[in-house]
Amino acid sequence: MKWAKAKDKDGNVLDRVAISDAGYKVARFTIAGQDQYRASLQGEFLHFPVSDPREAQAVCERHHLITGSRP
């Protein structure tokens, strides 16, 4: 999967969200000063928060491999 920064409807880059070419998203949340990452597809979280963005992307890759999901 290829990943890029997400953009809002006006084309502004969203620094806290990455989107894949298959429609998966990884969002960064800051909780008690610690960054956490959540993988999602079509607005549904796929996993619990993790501390490494690559781990959240791997969740998306595994989900896509298993289900063949497309947006």
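Which residues form a nonpolar patch on the surface? In this predicted model, the patch consists of Phe29, Ile31 and Phe45, which together have about 290 Å² of accessible area. Patches are built from residues with over 30% relative accessible area and no salt bridge, like charges being joined within 9 Å and nonpolar side chains (Val, Leu, Ile, Met, Phe, Trp, Tyr) within 5 Å. A salt bridge is a side-chain nitrogen of Lys or Arg within 4 Å of a carboxyl oxygen of Asp or Glu. Ile31 belongs to strand β3, residues 24–31.

Because the model is predicted, local features need pLDDT of at least 70 and side-chain atom pairs count only at pLDDT 80 or more, whereas totals for chains, interfaces and linings use all residues. Residues are numbered from 1 along each chain as its sequence is written, and side-chain values use heavy atoms, with hydrogens and water left out.

The protein contains one helix and five strands, arranged from the N terminus as β-β-β-β-β-α. Helices (H or I, at least four residues) and strands (E, at least two) are DSSP runs, numbered from the N terminus. The C-alpha trace spans about 35 × 30 × 20 Å along its principal axes. The protein exposes about 4,900 Å², of which carbon and sulfur atoms supply 51%.

Buried residues account for 24% of the 71 residues, where buried means under 20% relative accessible area, exposed over 50%, and partly exposed in between (1.4 Å probe, protein chains only). Cys60, in helix α1 (residues 53–67), is buried because its relative accessible area is 0%. Cys60 touches Met1, Trp3, Tyr24, Lys25, Val26 and Ala39, not counting residues up to four places away in sequence; contact means heavy atoms within 4.5 Å. The C-alpha atoms of Cys60 and Val17, 43 residues apart along the chain, are separated by 14 Å.

Ser20 lies in strand β2, residues 13–20, and counts as buried because its relative accessibility is 7%. With residues up to four places away in sequence not counted, Ser20 touches Met1, Lys2 and Trp3. A polar atom of the Ser20 side chain lies 3.1 Å from the backbone nitrogen of Ala22.

Note on methods
Areas by Shrake-Rupley, 256 points an atom, 1.4 Å probe, with all protein chains shown as cover. Polar contact = N/O pair within 3.5 Å; in protein donor to acceptor, adjacent residues only side chain to side chain.
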